Amino acid sequence: MSRFSGKIAVVTGASSGMGKEIARSLCEEGATVVAVARRLNRLEELAEKCKNAEGQIIPFRADLMNDDENRKMIEFAVETGGKLDILVNNAGMMDEMKPVSEIDEELYDRVMTLNAKSPMLATQSAVLQMEKQETGGNIVNVASIGGTNGCKAGVVYTMSKHALVGLTKNTAFMYVGKNIRCNAVCPGGVKTEVGLNMTAPSQLGLERVMTGVDTGIRQAEVEEISPLVLFLASDAASFITGAVVAADGGITSA
C-alpha cells in the first residue's frame, strides 16, 4: 500500500508548475486529489495522464480570489471523499518586483488576496472539517524564501509570503492538540510559469533583487520541490508542525 492510499487531498494552483507536480505525485502514491485551478482544460489533461495511477485526479475549476468558490473547493472535496486529509495551498502570483514607492492599490489587492487571504480561507475551511475527524489532517503551505527574507521579490509579494508563514505557525500552534499539522515549504528559484505573468517589472526592483545573486546556484525543477511537500504531508512527518523549510539550493545561506 502506498503512503497516501485512501487519502483525500486538495491541491491549489494545480494546472501548472509545482502544483501540477504535487498533485500528480500524490495521485501516483494513492491519493484522491481534487486538483484546483482556473484552467479546467489543463486539469482535465492532468487527470487523463494520471488515469492509470493508483489514485485519481478530480479536476475542480475555481477562482480562489472568489471567496465562495474558495469555500466550495473544500466542500466539494468532502462531498467527494467524505473527509479531508491534506490541503496544499500552492496557488500564488508575483508582484512585478515593485518596491513600496511603485505599488498601487489594485496590485496590492490582487497579490494579497491570492497569496494571503485565499490560503487563509482555505485553511479555515479545512480546519473546520479536520476538527470533526478523529484522524485530524494536515496542511502544507507553499510559501517562498520571499516569506523569510526581504530581498527576494517586490514588497507586496514579500508581505504576502510573510503572512503565509505567519498563518502556518499560528495554525500549527493553535491546533497542535487536535492532530492537525501545518507546515510551510519555502522554495527559492523554481522553473515555473509564475514569472511569465509579469508584464511591466520594476527596474529598481529587478536591480535590487538581482544584487548578489551571482552565486552559481541554479533554479530548481518542480520535481525537486514536490518530494518535500509530500514528506510533510505524510505520516513520516507526524512530529513536524509549524516548520518553515527552505528548499532553495542554498541561496539563503550565501
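Let's start with Lys83 and Asp85: in this predicted model, their side chains meet in a salt bridge, 3.2 Å from N to O. The two ends sit in unlike surroundings. Lys83 is partly exposed, at 25% relative accessibility. Asp85 is at 6%, so with the buried cut-off at under 20%, Asp85 counts as buried.

How many salt bridges are there by this rule? The count comes to nine.

Take Lys117 and Asp67 next. Their side chains form a salt bridge at 3.1 Å, N to O. Lys117 is in helix H4, residues 105-132, and Asp67 is in helix H3, residues 67-81, so this pair ties together parts 50 residues apart in sequence. Both ends are partly exposed: Lys117 has a relative accessible area of 35%, Asp67 one of 25%.

Now a pair within H4. Glu106 and Arg110 meet at 2.6 Å, N to O, in a salt bridge. They lie four residues apart, about one turn of the helix. Glu106 is partly exposed at 47%, and Arg110 is partly exposed at 32%.

There is also a network: salt bridges link Glu21, Arg24 and Glu28.

On to strand S1, residues 8-12. Five of its five residues are buried. Both faces are covered, with Ile8, Val10 and Thr12 on one side, Ala9 and Val11 on the other.

What does S1 pair with? Strand S2, residues 32-37, runs parallel to S1 and is joined to it by five bridges. Ala9 stands opposite Val33 there. The chain gets from S1 to S2 through helix H1, residues 17-28, in a right-handed β-α-β crossover. Strand S4, residues 86-89, is also parallel to S1, with three bridges. Here Val10 stands opposite Leu87.

Methods: Residues are numbered from 1 along each chain as its sequence is written. This is a predicted model: local features need pLDDT of at least 70, side-chain atom pairs count only at pLDDT 80 or more; totals for chains, interfaces and linings use all residues. Side-chain values use heavy atoms; hydrogens and water are left out. Buried means under 20% relative accessible area, exposed over 50%, partly exposed in between (1.4 Å probe, protein chains only). Helices (H or I, at least four residues) and strands (E, at least two) are DSSP runs, numbered from the N terminus. Two strands pair if DSSP finds at least two bridges between them. A crossover is right-handed if, with the strands pointing away from the viewer, the path from the first strand over the helix to the second runs clockwise. A salt bridge is a side-chain nitrogen of Lys or Arg within 4 Å of a carboxyl oxygen of Asp or Glu.
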